[in-house]
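Please walk me through this protein model in plain terms.

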Amino acid sequence: MVKLAPLTRLIATFAVSIWAFILQSPLVLTGLAAIIVMLLFVVSGLRKGGRIAGSLALVVAGLIAVQYLLGTDMNVAIAGGLRMVIMSVAFIVLFASTRAQDLTTALVTQCHIPYEFAFLFTSTLRFVPDLLAESQAVQEAQACRGYTSKGGLSRLVAYLSVVQPLVLRSVSRSETMAMSLELRGFNAGKRSFLTSVALGATDYLLFVLMAAVTMVLIGFRAGLIS
């Protein structure tokens with residue numbers, strides 16, 4: 001995974017998400033989810049990967065329970081939950097193993113996407129872990145000041161109290177980033193990139209493999225292959 005080009009990792013992430021939508025069997029989806037979760041442990045480590053997997057498992061269990069209570073068939077509910085796990089973990093693996101700068105370079109130089117859109121895409125995704133870290137920092141700061149919540153409605157109110165400082169810090173961060181970009185010549189015109197994101201033989205081989213797997217799955221789903 002480390003030796004793959006950023007574009008290959010991005011395409012693999014979307015390919016896995018497409019496979020998750022095509023596949024219907026909960027058993028097969030469980031196997032695909034297990035592979036993706038193992039990749040998560042490889043790139044994030046056992047401790048961090050375990051926390052992420054545990055949090056996702058709780059969310060997915062709640063989602064499956066809600067769907068089942070609303071009358072959805074259990075197999076369909078489980079398949080929906082597994083799809084959520086696969087797509088979420090696939091993107092987490094992508095951002096844990098790939099620098100945002102490399103993704104931006106790949107989108108601009110290899111996909112020919114305008115730099116402004118590529119930067120917006122990667123910056124938006126980079127804000128997610130930053131927001132989670134700031135949310136944790138705000139909660140710890142409030143706990144140091146003696147602010148506690150026991151659960152139920154008080155816990156919900158406690159989350160609301162985190163929103164205001166979180167929004168203010170995010171706005172301040174956005175203004176700082178905008179000023180920094182202007183000072184560094186964001187709108188200066190033509191750009192060059194220091195990092196190399198060239199594709200290798202392994203990347204092209206994986207492109208062919210992912211395309212073949214996708215076509216086979218579509219064939220099975222459409223009934224063209226039995």
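Valine 216 is partly exposed, because its relative accessible area is 37% and the label covers values between buried (under 20%) and exposed (over 50%), found with a 1.4 Å probe on protein chains only. Valine 216 lies in helix α8, residues 201–222; helices here are DSSP runs of H or I with at least four residues, strands are runs of E with at least two, and both are numbered from the N terminus. Together with Phe220, Leu224 and Ile225, Val216 forms a nonpolar surface patch with about 390 Å² of accessible area. Such a patch joins nonpolar side chains (Val, Leu, Ile, Met, Phe, Trp, Tyr) within 5 Å, from residues with over 30% relative accessible area and no salt bridge. Accessible areas come from the Shrake-Rupley method with a 1.4 Å probe.

The model is predicted, so local features need pLDDT of at least 70 and side-chain atom pairs pLDDT 80 or more, while totals for chains, interfaces and linings use all residues. Residues are numbered from 1 along each chain as its sequence is written, and side-chain values use heavy atoms, without hydrogens and water.

The protein is divided into domain 1 (6–98 + 198–222) and domain 2 (121–184), with bounds from an automatic or database domain assignment. The C-alpha centres of the two domains lie 28 Å apart.

The structure holds four aromatic pairs, meaning rings of Phe, Tyr or Trp (its six-membered ring) with centres within 6.5 Å; planes under 30 degrees apart are stacked, over 60 edge-to-face, and the rest tilted. One of them is the edge-to-face pair of phenylalanine 14 and phenylalanine 91, at 5.7 Å centre to centre and 85 degrees between the planes. Phenylalanine 14 lies in helix α1 (residues 6–22) and phenylalanine 91 in helix α4 (residues 74–97), so the pair ties together parts 77 residues apart in sequence. Phenylalanine 14 is partly exposed at 40% relative accessibility, and phenylalanine 91 is partly exposed at 23%. Tyrosine 115 and phenylalanine 119 form a stacked pair, because their ring centres are 6.1 Å apart and their planes are at 25 degrees. These two residues are four apart in helix α6 (residues 115–144), which means a separation of about one helical turn.

The structure also holds one salt bridge, that is, a side-chain nitrogen of Lys or Arg within 4 Å of a carboxyl oxygen of Asp or Glu. Arginine 99 and aspartate 102 form it, with their closest N and O atoms 3.1 Å apart. Arginine 99 is partly exposed at 42% relative accessibility, whereas aspartate 102 is buried at 15%.

Notes
Patches are made of residues with over 30% relative accessible area and no salt bridge: like charges are joined within 9 Å, nonpolar side chains (Val, Leu, Ile, Met, Phe, Trp, Tyr) within 5 Å.
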